[in-house]
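The following exercises ask the reader to describe a protein model step by step. Each task is followed by a worked solution.

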Amino acid sequence: RRRRNLANEIDSLYSNTLTYFVLYFVSFALTILLIAVFAIDDNVGGAILTVIFGALATVAFAIVHIVNWCKLHYRYWLVVNERTGFREVSPDQAVGFLFIPFYNLYWRFRSYQKLSELLNAELKKDKYEGRGPRVDEGTTSAMCVLSIVTIVPYLGVLVALVNIFLWFNVYSMHRKAVTFMLRHPTA
């Protein structure tokens, strides 16, 4: 029962992470659009209000998105550590070290790539009968490498846009693998 509840919680956190990211992105884009409209009309008051409310909405959605993502990534590592016995990376480290400037460029590989490898290794075990969803480690590697490239001026913006889709793809694969393990009857 606890495993099913955790699987349901992970599904909910994943859904919330997607929802709040979309709200963050839309509020940011809408704010920029409205500022441009007010600037064309020489409506300084409207532009100022748009900046204030748009910035507040964008920041609020971004914070809620990040909190949901942290919980989700923590749960992934909690399940992987429990299932595999791997203790070199704790759930706290997996999430927390991603917030350390510059070190996080290295840590992405430990946190995301290692998670993908551990999930695949666990799902190859006989108790899952080879039916579990696999995580594409190549996509995870590409996401980690591209996240480093985002620090390059100008090019980084374009790469970051592509990397958003890779990130959600990797997170979807992680969610499917983790919830499969939690819901599997022999696990």
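A pocket is an open set of grid points with protein on both sides within 12 Å along at least five of seven lines. The model examined here is predicted.

**Exercise 1. State how many helices and strands the chain has, and give its extent.**

Solution.
Step 1. The chain contains six helices and zero strands.
Step 2. Followed along the sequence, these elements give the pattern α-α-α-α-α-α.
Step 3. The C-alpha trace spans about 70 × 35 × 25 Å along its principal axes.

**Exercise 2. Describe the largest pocket: its space, the residues closest to its centre, and the elements that line it.**

Solution.
Step 1. The space in the largest pocket amounts to about 790 Å³.
Step 2. The lining is formed by 22 residues, and those closest to the centre are F21, H65, R108, I164 and W167.
Step 3. Two or more lining residues come from each of α1 (2–40), α2 (44–84), α4 (103–123), α5 (137–149) and α6 (155–183).
Step 4. Among the elements, α6 gives the most to this lining, namely six residues.
Step 5. Sorted by class, the lining holds 17 nonpolar, four polar and one charged residues.

**Exercise 3. Determine how α1 is oriented relative to α6, and describe their contact.**

Solution.
Step 1. The two axes come within 8 Å and cross at roughly 165°.
Step 2. Angles over 145 degrees count as roughly antiparallel; therefore α1 is roughly antiparallel to α6.
Step 3. The crossing in which α1 passes α6 is left-handed.
Step 4. On the side of α1, the contact is made by R3, R4, L6, A7, N8, I10, D11, Y14, T17, L18 and F21. On the side of α6, the residues are I164, W167, F168, Y171, S172, R175, V178, T179, L182 and R183.
Step 5. By class, the residues of this contact are twelve nonpolar, four polar and five charged.

**Exercise 4. Carry out the orientation analysis for α1 and α2.**

Solution.
Step 1. The axes of α1 and α2 come within 8 Å, with a crossing angle of roughly 160°.
Step 2. This angle makes α1 roughly antiparallel to α2.
Step 3. The crossing of α1 and α2 is left-handed.
Step 4. The contact of α1 with α2 comprises 22 nonpolar, ten polar and seven charged residues.

**Exercise 5. Is α2 roughly parallel or oblique to α6, and which residues make the contact?**

Solution.
Step 1. The axes of α2 and α6 come within 11 Å and cross at roughly 45°.
Step 2. Angles under 35 degrees count as roughly parallel, and those from 65 to 115 as roughly perpendicular. The angle here makes α2 oblique to α6.
Step 3. In passing α6, α2 makes a left-handed crossing.
Step 4. From α2, the contact involves H65, W69, L72, H73, Y76, V79 and R83. From α6, it involves W167, F168, Y171, H174, R175, V178, M181 and L182.
Step 5. The classes in this contact are ten nonpolar, three polar and two charged residues.

Key:
Residues numbered from 1 in each chain as written. Predicted model: local features only at pLDDT ≥ 70, side-chain atom pairs only at ≥ 80, totals over all residues. Heavy atoms only, no water. 1 Å grid on protein atoms, 1.4 Å probe; cavity = no way out; pocket = protein on both sides within 12 Å on 5 of 7 lines; lining within 4 Å. Points joined across faces, edges and corners; volume = space filled by probe spheres on them. Helix = DSSP H or I, 4+ residues; strand = E, 2+ residues; numbered from the N terminus. Nonpolar A, V, L, I, M, F, W, Y, C, P; charged D, E, K, R; others polar. Axes fitted to C-alpha atoms, helices over the stretch in contact; angles between N-to-C directions. Left-handed = near helix turned anticlockwise from the far one by under 90°. Contact = heavy atoms within 4.5 Å.
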